[in-house]
Each structure stands twice: as C-alpha cells, then as structure tokens.
Amino acid sequence: MSNRHKVFVSYHHALDESYKKIFELRFGNTFGAIVPGSVQDGDIDPNLPTDTIRQKIRDEYLRDTSVTVVLIGALTWQRKHIDWEIGASIRDTKANPRSGLLGILLPAYHAHHTRLERGKYNPKTIPPRLYDNIKAGFASIHNWTEDPTTVQGWIHQAYHRKSSALPDNSRASFGKNRSGDEWTD
C-alpha cells in the first residue's frame, strides 16, 4: 500500500501564497500530487444552493484528492472559499469519496496572534468547519514544520481517520467572507 496521497491545499491566496509555495517545494515529492487550492472569486456563483456549491468544488477542484490540508494563517478563518473547500472535501459522493482533513498553523498565524503560545490556538481564529471536525475526531491540527517525514505522517493519519471517524458538515456555509478578530456561532 502506497503512502502517496493526492493532497488538496486550501489556503488564503492573498496572504499565504508564500507558505503554499514552500509547502509544495518541501513536500511535493513526498505525496502523489499536490493540488493547490484554486477556488477564486467569480469561479462559483455564491447564490447557488450549498449542496450544489459543494458538489461543484468536489467534482471540479478536488477530484481524486484523498486528503485536504488547510494552511492556517492570520485570517484564514474569514475566507468563504476555504469554508467551501473544507465542506466539499469532507462530502462523500459516489464519484468522489470524502477526503481526510488536517490543518497546519503557519508562522503567520502565531505572528498575528501574539498572545498565544506556539503550539496553541484559539478555536475562534481557525476555520469554524475545521474546528467542528477537530472536535468530532475527524480532523487534526498541527504546527508548521518543514520536515517531510512529519508532514507525510500527518497526511497518512488523516487519510486513515476518514474511514474510522465521521465528519461534521452541519454548519451553514459562509455566504461571504467574514471580518473581525474571531468568529462567533
């Protein structure tokens, strides 16, 4: 059994592109493939029903991926496309079974949230759907590292967890980007 998984990377395009590039360079050879997060404003009509949006993202952007990695920077939680990508990736369809899920706290996250010790996070400052799934035992969260063996281990664990835990996709999808210091229910 190969440990090479096709990974989808969900991230804040405007703020965290540099970390996505490092992630691809450091770990690209470790995985079967890396599919960078690619849903942009204008790609999908936000007025479509939630299930339609998730289906489109799953079939058009996440096709054949088996693990979704969310790179968590300072304001990642605010982005509607990240919420949509997480929601789509943990959706189980006939054509595309659900993906495993994990989050990685970037150095930019801790630079922004200076009151937090490294390794700690405020649940209200990471994507809410990711937090729901950490609580459900479906997803995990980790600190940034540049060690490929460590990251490959996280991805392999996420891949296996998807068959032993059920995801929580019950939260209403973001209709638009959010603002503020943290999310509220």
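The largest pocket of this predicted model holds about 200 Å³ of space, a pocket being an open set of points on a 1 Å grid over the protein atoms alone, where a 1.4 Å probe fits, with protein on both sides within 12 Å along at least five of seven lines. The volume is the space filled by probe spheres set on the points, which are joined across faces, edges and corners. The residues lining the largest pocket are H112, H113, T114, R115, L116, N122, T125, D181 and E182, where a lining residue has an atom within 4 Å of a point. By class, this lining comprises one nonpolar, five polar and three charged residues, with Ala, Val, Leu, Ile, Met, Phe, Trp, Tyr, Cys and Pro counted as nonpolar, Asp, Glu, Lys and Arg as charged, and the others, Gly among them, as polar.

Residues are numbered from 1 along each chain as its sequence is written. Local features need pLDDT of at least 70 and side-chain atom pairs count only at pLDDT 80 or more, whereas totals for chains, interfaces and linings use all residues, and side-chain values use heavy atoms, with hydrogens and water left out.

Helix α3 (residues 80–89) is largely enclosed by the rest of the structure, because 10 of its 10 residues are buried, that is, under 20% relative accessible area with a 1.4 Å probe and protein chains only; helices (H or I, at least four residues) and strands (E, at least two) are DSSP runs numbered from the N terminus. The buried residues of α3 pack against β1 (6–10), α2 (50–60), β3 (67–72), β4 (100–105) and α5, contact meaning heavy atoms within 4.5 Å. The axes of α2 and α3, as lines fitted to C-alpha atoms over the stretch in contact, come within 8 Å and cross at roughly 75 degrees. Helix α2 is therefore roughly perpendicular to α3, a term covering angles of 65 to 115 degrees on a scale from 0 to 180 degrees between N-to-C directions. This contact involves I53, R54, I57 and R58 of α2 together with W84, E85, G87, A88 and S89 of α3.

In helix α5 (residues 128–135) lies R129, which counts as buried at 0% relative accessibility. Beyond its neighbours within four places in sequence, R129 contacts R54, D83, I86, G87, D168, N169, S170, R171, A172 and S173.

G180, by contrast, is located in the segment after α6 (148–161) and is partly exposed, with a relative accessible area of 43%. When residues up to four places away in sequence are not counted, G180 touches W77 and Q78.

Technical notes:
Buried < 20%, exposed > 50% of the residue type's maximum accessible area, 1.4 Å probe, protein only. Parallel < 35°, antiparallel > 145°, perpendicular 65-115°, else oblique.
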